[in-house]
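Subject: Handover of a structure

Hello,

I am passing this structure on to you. Please look it over, then read the notes that follow.

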Amino acid sequence: MDRKRRYEELLNNMNQYNSGTKGITRVAFTNEEQACSHAFMRLCKNEGLEIRMDYCGNIIARREGKQKNLPPVVIGSHLDTVYQGGKYDGVVGVTAGLEVIKRLNEQKLETEHPIEIISFACEESSRFGVSTVGSKAMAGTLQKEKYRHLKDKDGITFEKALSLCALRFDQLDLASRATERFQAFFELHIEQGPILMNTNKKIGIVTGVAAPVRFIIEVKGAASHSGTTPMNMRKDALLGASELALALEEAAKEEQHNGTVATIGVLSIPMGAMNVVPGTVEMKVDIRSTSTASRNKVLTALLKKMEDVQERRGLTITSQEISKEEPVQLSKELTFQIEKICLEKKLPYQWMQSGAGHDAMNMTSFGPVGLIFIPSLNGISHHPDEHTDLDDILIGIDVLEAAVLQQAIAVY
């Protein structure tokens, strides 16, 4: 079987684990995600890798090196998806790692350094509003008490979701590897944006990753009958929330020259009905940038608007910060290494920042980190129409393989 067909079968194998009928829904700590994770573990075992799952549900598959005590070269990404997501986000990076191992095995190459593949748990924030949970736990930076009582759309808490996967919330700290060091960490990922496609480049060399601050905002007014409550006597929580949404957009546009963006991805009206003035609205807010100062300007504008709307409309507005991360700069050493590989392979490449967060950003405490992007058709991601050509994935794997081997020092 040729490599292209082999990899396509591997990718399709992972994507059969799906609870939806539109796109791919393989949400963190669900039956589908767990089944996919265990299937991946079996495939790794078939390649002779040592497998373990840590206390946060991260999968670590290790190919031992000639010198076992040397720090590992690590390839990582995630298998979970958003609701009705695509076939490539995350899963490409994990399966690319296994494809690299398959290539080394078929060539009977032994490396000095061990090589690990890590499939990180709960990279996506779609279920609980918090992202890169598994990689934070591994890095020892997880503020778990912020997560304990977070609920998904069905009212299941984060703690309960873990228990349904035979994981214990009080043991999350045991997933930390903070005292260890990696020789290098690499993540191959689809771009999730239009730059590579629009510039006809095959490889994106990422120099830095933006980071979000995320809030849950609750706007409380007074629920009342829509037909009997005069307009000037209403305390409409939805109209107050709408003002906040528009103010957030305006503030983000003022900072767009810094690449700053802001989104209200969830807006819900508990017990809402067509003939009831909304009494309570919950909003989930994501503000992100590669500039902390710019992000803070947007946040300050939003908080000021909350005070204004609360006073003017007679509402009660509260906010809860659920995560706050700092932008990171990636290894210059590895970015130049990846550039050299692209030049040797005559591949057109692009230096770029990542507006999306990735597990790679939490790995910088372990050693140098390299993040490699491949094109996304029309820049679409987190959507059923997400697509990356198979040939582009294989080009990315070629670059990944070369980078991994240079760090692991192959021995023939």
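Predicted model: local features only at pLDDT ≥ 70, side-chain atom pairs only at ≥ 80, totals over all residues.

How far apart do the end C-alpha atoms of residues 215-311 lie? They lie 21 Å apart, and the span is 39% helix and 29% strand.

The chain as a whole

The protein chain contains 10 helices and 17 strands. For 412 residues, a compact globule would have a radius of gyration near 22 Å, and the value for the protein chain is 23 Å, so the two agree. The C-alpha trace spans about 80 × 45 × 40 Å along its principal axes.

Of the 412 residues, 53% are buried. Among contacts with a separation of 6 or more, 79% are between residues 24 or more positions apart. The accessible surface of the protein chain is about 18,200 Å², and carbon and sulfur atoms account for 49% of that surface. As for charge, there are 48 positive and 53 negative side chains, and the centres of the two sets are 1 Å apart.

Ala223

Ala223 sits in the loop between strand 8 (211-220) and strand 9 (224-225). Its relative accessible area is 57%, over the 50% cut-off, so Ala223 counts as exposed. Apart from neighbours within four places in sequence, Ala223 is in contact with Val276, Val277 and Gly279. Asp308 is 85 residues from Ala223 along the chain, and their C-alpha atoms are separated by 21 Å.

Leu347

Leu347 belongs to the loop between helix 9 (332-344) and strand 15 (349-354). Is Leu347 buried or exposed? With a relative accessible area of 14%, under the 20% cut-off, Leu347 is buried. Not counting residues up to four places away in sequence, Leu347 touches Ile203, Cys342, Ile395 and Val399. One of these, Ile203, is 144 residues from Leu347 in sequence, while the C-alpha atoms of the pair are 7.3 Å apart in space.

Arg103

Arg103 is part of helix 3, which runs over residues 91-106. Its relative accessibility is 1%, so Arg103 counts as buried. Which residues is Arg103 in contact with, leaving aside its neighbours within four places in sequence? They are Arg3, Arg6, Leu394, Ile397, Asp398 and Glu401. Helix 10 spans residues 390-408, and the contacts of Arg103 include Leu394 and Glu401.

Two residues with positive phi

Gln84 is not a glycine, yet it has a positive phi of about 55 degrees. Gln84 lies in the loop between strand 3 (73-78) and helix 3 (91-106). With a relative accessible area of 41%, Gln84 is partly exposed.

His382 also is not a glycine and has a positive phi of about 55 degrees. Where is His382 found? His382 is in the loop between strand 16 (369-374) and helix 10 (390-408). At 38% relative accessibility, His382 counts as partly exposed.

That is the end of the notes.

Regards

Methods:
Residues numbered from 1 in each chain as written. Heavy atoms only, no water. Helix = DSSP H or I, 4+ residues; strand = E, 2+ residues; numbered from the N terminus. Rg over C-alpha atoms; globule rule 2.2 N^0.38 Å. Buried < 20%, exposed > 50% of the residue type's maximum accessible area, 1.4 Å probe, protein only. Contact = heavy atoms within 4.5 Å. Areas by Shrake-Rupley, 256 points an atom, 1.4 Å probe, with all protein chains shown as cover. Lys, Arg positive; Asp, Glu negative; His and termini not counted. Charge placed at Lys NZ, Arg CZ, Asp CG, Glu CD.
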